[in-house]
Amino acid sequence: MPALPLLARYAEGLFWMGRYLERVENLARLIDVTQTFEMPARPFESWYSLIRINADEERFAERGYARESAAVKQFYLLDHDNPTGMPAAMEAARTNARTLRPVISTEMWMQLNMLHRDLMHIPATSLSGDHLSRLCSQIKMGVQSHTGITEGTFFRDQGWLFYGLGRAIERADQTTRLLDIQYHLLMPASAEERRVASLTQWGGMLRAAAGYHAFRRVSPAGYQPRDVVRFLLADPCFPRSVLMCVSQMEWQLSQLRATYGLRGTVPALERVEELRAGLLARSMDSLIEAGLHAFLDGVQRDLILLAAEIGSAFFRDWRPLAQAEGQTQTQGTQTQSQA
Amino acid sequence: MTATSPDPFAGYDCGPYFCELTPGREGDGGAIERIRARIRAIGLDQLRTRADAAETDLINLGVTFTVYSQATAIDRILPFDCVPRVITAPEWRTLEAGVTQRVTAINAFLHDVYHEQRILKDGIVPAELVLGNANYRPEMVGFPVRFGTYVHVCGIDIVRDERGDFRVLEDNARTPSGVSYVVENRALMFRAFPDMMNGIRLRPVDDYGRRLRAAMSEIAPEGVDDPQVVLLSPGIYNSAYFEHVFLAREMGVPLVEGADLFVEDERVWVRTTGGPWPVHTIYRRIGDDFLDPTVFRPDSLLGVAGLIGAWRKGNVTLANAVGTGVADDKAIYAYMPRIIRYYLDEDAVLANVETHICREEEGLAYTLANLERLVVKPVGESGGYGITIGPRATRAELEAARAALLADPANWISQPVVSLSVAPTLTDDGLRPRHLDLRPFAVTGRDTWVLPGGLTRVALKAGSLIVNSSQGGGSKDTWVLEDDESDGASGWRG
């Protein structure tokens, strides 16, 4: 008898573990870039943009936070009950990892277990002054350690492909959010403010995405905002560009179909093709002119639909009896679709 | 002045109890003295430092059990004591033979009570004790199991009295747990105390998963060439979840939850990304009651609807079989020496703790006459309810026990208070004697194999006899010496 295929529940767990960890890393990046953008005159404006790009306005108000910068940091880094915050994502990643202990490597589990312990007990003092940037580095490096351990120890059967799909989808989504910060931040500003702030801020954003130096290598000498947008959306070599993520999804889905005979990948592959076409169809100038925010929104919606195709083809099947048990992930999906 | 670490054994006195690390024990070949010398060489400070590091290791590795209180779940480690418990080769031969004998008798008993019931008809065991037992499953009557094996995994709790004689305290024939700690504790010792172990030849313990997998394959329904084995766990909220993960990994089989499985055409399938996949043997770590909501508890979300039907059709094997709980009951325990003699025509290799059966005139008379020295236990209860410990009871409590005994003698057994053996255990005061027990694990498919050693649980509180992890117990690595560590031993190999 051939080897047992992957349990549907494990596939779902791996997909979501990948998503949640990518979310943890990107939250740290978003907070880091917000810190960099903080405008001395209107600091709360900068921080509130984070709330807006995550569509968290209502939740932030409901949980009784004051409208001040420190509150936003707390909301995302310390509030365990905020489902869009870092602690909730870390908790969900670790809960998935627990169910996945039979399939992930011991080293992956051990590192996640320790990272979880550290990130669930961040002292409030870590959010102030220069500590915040260090905290963001620590979070990023924690997830990057996970990524490295996974690269070096995780058995590469179909489980690895589902894990990779989760990471690629989340990363693409997060890159669109990072770009969206620009839109929200610059909207209320005057044309002059916009012009002056613009270049520094685009640079800061590239740094948050770890793409600044690569961008300088491939960009024209007198670069324009559209070059940054093109880089983050459609560069074929930058690991965090949306196009790169889409290429990875395509490869992962094709592998699942070709190597493991999973025919349920067909509708998902069609979605991926649409995403790619959307990214390459128009010039960046026309795209920005037509409204970057609306375009990014569209990409985010497509990613939600893609995740839903993967979910209904491979995951739903295992929990006909016990819907309650799937709440983490179900909640995660809802969180995504609200955004 | 040079700081030398104090002698770890300074002030150690095992008192009237049998000490598991006293040198010069028959058949130890000097190994115990060598182990003690190494512990001295490591010194108390190093013992403490490394023991702390070892416990941190366990937390990071998630070698934990989960304790639930109101809203929080806390992952706790089973506290680990770094001083090993040593079993000599001749001692292990006795234990291994005794455990094998007991498992063989338990399986023969289960086959009998679910078939001809000869032992009941011959009056060896009172019929109502078996047929009236909540764990007796009429669904099992007349149902054949492969090789007559009902209890595939058995854990037998054994203590050692003042004279060093092993005695069985309890049989665990349902879903005994703890074996993962046996293997993890050994791995931990290799990491943290290589200098304590170096050159001491020990029976290995890392073979358990392979043996278990082989047994699970043997018992699969006949005619299946390459059976698919799965481990069925209640999931991450179960306190023994780590052990389930451990065993699934060591066996190389998927850990499934009830919702991963379904029954169609009286066959069991697991849901995979590639569709349904057949399952042939289920090593289940959930109780009988939860296995199948259509047969047992209808509110069970942990089980699989139709599982019992598929099993009765012979399309899937459950390990352990349903209905084994009737054999590890307190009431049946008292009869175990007679059960062994009845089926095997042998005396028990491992004696029970002396047990007086009050439904029998002699036992009742003895119990009433010695009430203040005995532990009186009701047979039907579990979890320590209704127990009177004579030496610690007040006059009024003793009188209440007497009245209860006289009112319904059949509901009671009595046992002397057992003086559990001790072993040196690391405490704030240095090494001090702490009481311990031993749970060897036997795996049975066609034949029985006993994992060398077993789980040594130790009561960390001074004087305490309670070794349970939920009540301040910890564990030790259990070292079974190879034969050639024992001077007097023959070339016997297990």
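Ala55(A) is partly exposed, since 13 other C-beta atoms lie within 10 Å. The structure described here is a predicted model. Ala55(A) is located in the loop between α2 and α3 of chain A. Although Ala55(A) is not a glycine, its phi is positive, at about 55°. Most residues other than glycine have a negative phi, and most peptide bonds are trans.

A positive phi is also found in chain B, where Phe147(B), likewise not a glycine, has a value of about 60°. Phe147(B) belongs to the loop between α4 (127-131) and β4 (153-160) of chain B. This residue counts as partly exposed because it has 14 C-beta neighbours inside 10 Å. A further backbone feature of chain B is the cis peptide bond from Ala319(B) to Asn320(B), for which omega is near -10°. Asn320(B) is placed in the loop between β12 (317-319) and α10 (330-344) of chain B.

Chain A contains 15 helices and zero strands. Of its 339 residues, 46% are buried. Among contacts in chain A with a separation of 6 or more, 74% are between residues 24 or more positions apart. The mean pLDDT of chain A is 86, with 87% of its residues reaching 70 or more. Over residues 320-328 of chain A, however, the pLDDT is below 50, and this stretch has nine contacts in the model beyond near neighbours in sequence. For residues 331-339 of chain A the pLDDT likewise stays under 50, and the model has twelve contacts beyond four places in sequence for this segment. Where pLDDT is low, the predicted coordinates should not be read in detail.

Within chain A, helix α4 (residues 69-77) has as its buried residues Val72(A), Lys73(A), Phe75(A), Tyr76(A) and Leu77(A). The charged side chain of Lys73(A) is thus carried by a residue that belongs to this buried set. An α-helix has 3.6 residues a turn, so residues three or four places apart point the same way. The elements covering the buried residues of α4(A) include α1 (8-37), α2 (43-53), α3 (57-62), α5 (86-99) and α7 (131-153) of chain A.

Two packed helices are described by the angle between their axes and the distance between the axes. In chain A, the axes of helix α12 (residues 242-258) and helix α13 (residues 265-281) come within 10 Å and cross at roughly 160°. The angle is over 145°, and therefore α12(A) is roughly antiparallel to α13(A). The crossing of these two helices is left-handed. On the α12(A) side, the contact is made by Val242(A), Leu243(A), Val246(A), Met249(A), Glu250(A), Leu253(A), Leu256(A) and Arg257(A). Their counterparts in α13(A) are Thr265(A), Ala268(A), Leu269(A), Val272(A), Leu275(A), Arg276(A) and Leu279(A). By class, the residues of this contact comprise eleven nonpolar, one polar and three charged.

A helix pair in chain B has another arrangement: the axes of α7(B) (residues 208-218) and α8(B) come within 8 Å and cross at roughly 75°. Because this angle falls in the range 65 to 115°, α7(B) is roughly perpendicular to α8(B). Tyr208(B), Gly209(B), Leu212(B) and Arg213(B) of α7(B) meet Leu247(B), Glu250(B) and Met251(B) of α8(B). The residues of this contact divide into four nonpolar, one polar and two charged.

Helix α8 of chain B also takes part in the contact between the chains. In total, 21 residues of chain B are in contact with 28 residues of chain A. On the chain B side, the elements that give two or more residues are α1 (31-61), α8 (241-251), β7 (255-256) and β9 (267-272). This side of chain B has eleven nonpolar, six polar and four charged residues.

Helix α1 of chain B also contains Arg38(B). Beyond its neighbours within four places in sequence, Arg38(B) is in contact with Asp195(B) and Met196(B). Asn352(B) lies 314 residues from Arg38(B) along the chain, and the C-alpha atoms of the two are separated by 36 Å.

Conventions: Residues are numbered from 1 along each chain as its sequence is written. Chains are lettered from A and ligands numbered from 1 in the order in which they are written. This is a predicted model: local features need pLDDT of at least 70, side-chain atom pairs count only at pLDDT 80 or more; totals for chains, interfaces and linings use all residues. A residue is buried if 20 or more other C-beta atoms lie within 10 Å of its own, exposed if 12 or fewer, and partly exposed in between; C-beta atoms are placed from the backbone. Helices (H or I, at least four residues) and strands (E, at least two) are DSSP runs, numbered from the N terminus. Two residues are in contact if their C-beta atoms, placed from the backbone, lie within 7 Å. pLDDT is the predictor's confidence in each residue, from 0 to 100. Axes are lines fitted to C-alpha atoms, for helices over the stretch in contact, and angles run from 0 to 180 degrees between N-to-C directions. Angles under 35 degrees count as roughly parallel, over 145 as roughly antiparallel, 65 to 115 as roughly perpendicular and the rest as oblique. A crossing is left-handed if the near helix is turned anticlockwise from the far one by less than a right angle, and right-handed if clockwise.
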